[in-house]
Amino acid sequence: MASKDRKGTIVNTSLEGQDKATAFLYENPFGRLLLKLLIKPAISKIAGAFLNTSISRLWIKGFVRNNHINMRQYEKRKFKSYNDFFTRKLAPGAREIDMELNSLISPCDSKLTVYNIDENSRFNIKGGQYTLESLLQDEELAEEFQGGQLLLFRLAVDDYHRYCFFDGGKAEKLKYIQGCLHTVNPMVLDKVQVYKENCREITVFNSKAFGKSLYIEVGAMMVGKIVNDYEDNIVSKGQEKGHFDFGGSTVIVVLKANSAQIDEDILQNSSEGYETIVKYGEKIGKKLAN
């Protein structure tokens, strides 16, 4: 699918091999039978266990080559398993965190789309329609964010799979919603209501600059774990919040009305149906003056 970088250049971010595999699982009768097994949490756990074994390291070189990953951005070390590689950390200085007090930063390397929220909102997330209430499974909490904005950060398998806090503040884990694990590849969202079926973890985040907000991490097929591993609920801007194990995944940030002004290029791209390629820690908006 097409995305745009921050300079406005159209970039094709599709992964041909991933798309072919997804097409087989959702469009081929035999693929659909296989999919019924793959989406079961137990199968995902078995696959996750294999990806933690030393033999799974054999996949690493091919994955790096096929997805054109620049390993110079990451810590230089020997990986114990494929999952150890997949959850690799950036090298010091590989990402610059915008620490301006009123700046809103991207929590991850991803492709970003911004949606407005109102009582009739059906978020067209690459062909699937969703409501905030269906994501949260909480009518009262969803009502608090009417008039606000939903920021959807889609991580592909070649993206850095750690994410951070977009501001300093207080984080309170609200709940974990168990679901079967479907792919978040955008080509299938017209076939499966992904976010209603995927597992997700919801955090209420009281941001210093942007007030009450929400994080929603969404797990995808073959992602057995959403790992939020920060220790203290008082956090700082740019502090790592957690990571995903293997697979494409999604981070959603929900902001209240009149809390932030998203950068114009991102809003324009979203209105035209383009995702915007953003990096961990880069400015994507600012606090609205009171």
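In the predicted model described here, histidine 161 lies in the loop between strand S7 (149-155) and strand S8 (162-164), where helices (H or I, at least four residues) and strands (E, at least two) are DSSP runs numbered from the N terminus. Histidine 161 is buried, with a relative accessible area of 1%; buried denotes under 20% relative accessible area, exposed over 50%, and partly exposed the range in between, computed with a 1.4 Å probe on protein chains only. A polar atom of the histidine 161 side chain lies 2.8 Å from the backbone oxygen of aspartate 159, a polar contact being a pair of N or O atoms within 3.5 Å, of which, within protein, one must be able to donate a hydrogen and the other to accept it, with residues adjacent in sequence counted only if both atoms are side-chain atoms.

Residues are numbered from 1 along each chain as its sequence is written, and side-chain values use heavy atoms, with hydrogens and water left out. Because the model is predicted, local features need pLDDT of at least 70 and side-chain atom pairs count only at pLDDT 80 or more, whereas totals for chains, interfaces and linings use all residues.

An open sheet is formed by three strands in the order S3-S18-S16, with antiparallel pairing; two strands are taken to pair if DSSP finds at least two bridges between them. Strand S3 (103-105) and strand S16 (260-262) are the edge strands, each pairing on one side only, and the twist averages 35 degrees from one strand to the next, the axes being lines fitted to C-alpha atoms, for helices over the stretch in contact, and the angles running from 0 to 180 degrees between N-to-C directions. S16 is joined by three bridges to strand S18 (residues 283-287), the two running antiparallel, and alanine 260 stands opposite lysine 287 in S18.

Strand S17 (275-278) has partners of its own. Two bridges join S17 to S1 in a parallel arrangement, with glutamate 275 as the bridge partner of serine 3, while three bridges join S17 to S4, which runs antiparallel to it, and lysine 111 stands opposite isoleucine 277.

Helix H9 (residues 264-271) has Ile266, Asn269 and Ser270 as its buried residues. These residues cover an arc of only 100 degrees around the axis and therefore lie on the same side of H9, the arc being that of the directions from the helix axis to the C-beta atoms. The buried residues of H9 pack against strand S1 (2-4), strand S4 (110-116), S16, S17 and S18, contact meaning heavy atoms within 4.5 Å. The face of H9 turned away from the buried side carries the exposed residues Glu264 and Ser271. H9 is followed by glycine 273, whose phi is positive, near 90 degrees.

Salt bridges, defined by a side-chain nitrogen of Lys or Arg within 4 Å of a carboxyl oxygen of Asp or Glu, number 15 in the model. In one of these, the side chains of arginine 6 and aspartate 265 meet at 2.7 Å, N to O; the pair links distant parts of the chain, 259 residues apart, with arginine 6 in the loop between S1 and strand S2 (10-12) and aspartate 265 in helix H9. Both partners are partly exposed, arginine 6 with a relative accessible area of 27% and aspartate 265 at 25% relative accessibility. Arginine 6 also forms a salt bridge with glutamate 282, the closest N and O atoms being 2.6 Å apart; glutamate 282 lies in the loop between S17 and S18, so this pair ties together parts that are 276 residues apart in sequence. A further salt bridge pairs lysine 170 with glutamate 172, with the closest N and O atoms 3.6 Å apart, and here too the partners count as partly exposed, lysine 170 at 35% relative accessibility and glutamate 172 at 36%. Salt bridges that share partners join Arg6, Asp263, Asp265, Glu282 and Lys283 into one network.

Most residues other than glycine have a negative phi. Glutamine 137, although not a glycine, has a positive phi of about 55 degrees and is found in the loop between helix H6 (132-136) and helix H7 (139-144). Asparagine 258, likewise not a glycine, has a positive phi of about 60 degrees; asparagine 258 is placed in the loop between strand S15 (249-255) and S16 and counts as exposed, at 67% relative accessibility.
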